[in-house]
Amino acid sequence: MHNILYGVVCLDIYEDLGIMRPGCGILHNAYHLRQLGCDFTLVTRTGERHSDVILDFFRRNHIPVLADQVVTAGEPTSIRIHFTPAGDAYFTDYREGVWTNFRLTEDEERLLTRADHLHTVAVLGVIPEWDRLHEAGQLSDTLVSADFLSLEHMTLDEFARLAGQTDLAFVGLRCEPDDPRIRQVQDILMAQQTLGIMTFGARDVLVVDGR
């Protein structure tokens, strides 16, 4: 089984604590999959500044990457994290950095198009290349899964389009049980014949089997 993780790795800047750590959703996926003993390759990119922080994390946690293609000229993707007096985290100043107008290298494209299973976190930088490979029919034999987070980066129309390119979709809605978006997302998953896992924080998990 040839498994590929494709997505943004960023620098989480904890201003209240004065520390910086590697972060973003695909890195969480990679870390936990390694703890479970899963075999995969992570396709990602970071800028030259503070690249040692990210590369050291890969080495220490045995996360397989294309080592000569991770670092490129430009700024790293970053986000600033703050804490409320109640201890809740909130995020500001997201900067795409090297993921602005991102393009896969030939080696990376070869990995994605030959994957048995491709997983991504559907944030802005990854979508154009995913779209391009899908439109070219190069992912037709690949099981594609995607984490759409809480849909804060896209409209429901864009989600519907991307769900149609996805075999397994994860959506984590931050909303009350009577929020109309719950039914809207369910309807989209059914219409696109996609298997969906909807989560609602600590409350519930809802499986929507559009297949």
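Student: Which residues lie nearest the centre of the largest pocket?

Tutor: C24, G25, I79, F91 and L149 lie nearest its centre, among 24 lining residues. A pocket here is an open set of points on a 1 Å grid over the protein atoms alone where a 1.4 Å probe fits, with protein on both sides within 12 Å along at least five of seven lines; lining residues have an atom within 4 Å of a point. The model is predicted: local features need pLDDT of at least 70 and side-chain atom pairs pLDDT 80 or more, while totals for chains, interfaces and linings use all residues. Residues are numbered from 1 along each chain as its sequence is written, and side-chain values use heavy atoms, without hydrogens or water.

Student: How much space lies in the largest pocket, and what divides its lining?

Tutor: The space is about 650 Å³, a volume filled by probe spheres set on grid points joined across faces, edges and corners. Its lining has 13 nonpolar, 7 polar and 4 charged residues; Ala, Val, Leu, Ile, Met, Phe, Trp, Tyr, Cys and Pro count as nonpolar, Asp, Glu, Lys and Arg as charged, and the others, Gly among them, as polar.

Student: Which elements supply at least two residues each of that lining?

Tutor: Those are β2, α1 (25–35), β7 and β8. Helices (H or I, at least four residues) and strands (E, at least two) are DSSP runs numbered from the N terminus.

Student: In what order do the strands of the open sheet stand?

Tutor: The order is β3-β2-β7-β8, with mixed pairing; two strands pair if DSSP finds at least two bridges between them. At the edges, β3 (19–23) and β8 (89–95) each pair on one side only.

Student: What packs on the sheet?

Tutor: Helix α2 (residues 51–60) does, touching β2 (10–14) and β3, where contact means heavy atoms within 4.5 Å. The direction of α2 makes about 55° with that of β3; axes are fitted to C-alpha atoms, for helices over the stretch in contact, and angles run from 0 to 180 degrees between N-to-C directions.

Student: And how do β7 and β8 pair?

Tutor: β7 (residues 78–83) and β8 are antiparallel over 5 bridges. S78 is opposite R95, and I81 has F91 as its bridge partner. In the hairpin turn, G87 has a positive phi of about 95°.

Student: Changing topic, what lines the second largest pocket?

Tutor: Its lining includes S78, R80, D93 and R95. The division is 4 nonpolar, 3 polar and 5 charged, and the space is about 190 Å³.
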